[in-house]
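Dear colleague,

Here is the structure I said I would pass on. Please open it beside this message, and then read the notes below.

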Amino acid sequence: PDVPDGALFEGVLAPDECAATLAAIDDLAARGANGELEGRTYSTVTAPAFARRKQSRVTLQFGAYADKNRVENAATAPMPRCLEAVASRLVAAGIFAADEA
């Protein structure tokens, strides 16, 4: 699948795993937009520069909340199992070190 602004690491996930992961992310984003995710797990970019350029972005943050590269004391949902599985596969493929996942 085409993931805008994403990096492609072929062979890490099978096509069906990739499709399932993207569907899970889309579901999480929809749930966040509906206020169904804990605390600050879901947020949208509200910076005036983005609004002037008619740009937007949705952020899903699990385990910790960061704003402008500062970690803040705010509740977030734990990492979903499907994303933990992707992180494990990226470590196994040597793309990330275990302490980065």
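The side chain of Gln61 comes to 2.8 Å from the backbone nitrogen of Ala66. Please keep in mind that this is a predicted model.

Gln61 sits in the loop that joins β2 (58-60) to β3. Is Gln61 buried or exposed? Its relative accessibility is 13%, and the cut-off for buried is under 20%, so Gln61 counts as buried. Setting aside neighbours within four places in sequence, Gln61 is in contact with Thr41, Ser43, Ala66, Thr76 and Ala77.

Thr41 has 0% relative accessibility, which is why it counts as buried. Which backbone atom lies 2.6 Å from a polar atom of the Thr41 side chain? The backbone nitrogen of Ala77 does. Once neighbours within four places in sequence are left out, Thr41 is in contact with Thr59, Leu60, Gln61, Phe62, Ala75, Thr76 and Ala77.

**Ile25**

Ile25 belongs to helix α1. At 31% relative accessibility it counts as partly exposed, because that value falls between the limits of 20% and 50%. Not counting residues up to four places away in sequence, Ile25 touches Leu60 and Leu83. Leu60 is also among the contacts of Thr41. Ile25 and Ser43 are 18 residues apart along the chain, and 14 Å separates their C-alpha atoms.

**The chain as a whole**

The protein chain has 3 helices and 4 strands. Starting at the N terminus, these elements follow the order α-β-α-β-β-β-α. The C-alpha trace spans about 40 × 30 × 25 Å along its principal axes. Of the 101 residues in the chain, 17% are buried; Gln61 and Thr41 both count as buried. Among contacts with a separation of 6 or more, 38% are between residues 24 or more positions apart.

How confident is the predictor, and which elements have the lowest and highest mean pLDDT? The mean pLDDT of the chain is 88, and 97% of its residues reach 70 or more. Among the elements, helix α2 (residues 48-52) has the lowest mean, 79. Helix α1 (residues 15-33), where Ile25 is placed, has the highest, 95.

**The second largest pocket**

The second largest pocket has a volume of about 330 Å³. Its lining is made up of 13 residues, and those closest to its centre are Thr44, Val45, Thr59, Asp67 and Lys68. Thr59 is also one of the contacts of Thr41.

Which strands each supply at least two residues of this lining? They are β1 (42-44) and β3 (65-67). The largest share, 3 residues, comes from β3. By residue type, the lining of this pocket divides into 4 nonpolar, 6 polar and 3 charged.

Regards

Key
Residues are numbered from 1 along each chain as its sequence is written. This is a predicted model: local features need pLDDT of at least 70, side-chain atom pairs count only at pLDDT 80 or more; totals for chains, interfaces and linings use all residues. Side-chain values use heavy atoms; hydrogens and water are left out. On a 1 Å grid over the protein atoms alone, a cavity is a set of points where a 1.4 Å probe fits but cannot get out, and a pocket is an open set with protein on both sides within 12 Å along at least five of seven lines; lining residues have an atom within 4 Å of a point. Grid points are joined across faces, edges and corners, and a volume is the space filled by probe spheres set on the points. Ala, Val, Leu, Ile, Met, Phe, Trp, Tyr, Cys and Pro count as nonpolar, Asp, Glu, Lys and Arg as charged, and the others, Gly among them, as polar. pLDDT is the predictor's confidence in each residue, from 0 to 100. Buried means under 20% relative accessible area, exposed over 50%, partly exposed in between (1.4 Å probe, protein chains only). Contact means heavy atoms within 4.5 Å. A polar contact is a pair of N or O atoms within 3.5 Å; within protein, one must be able to donate a hydrogen and the other to accept it, and residues adjacent in sequence count only if both atoms are side-chain atoms.
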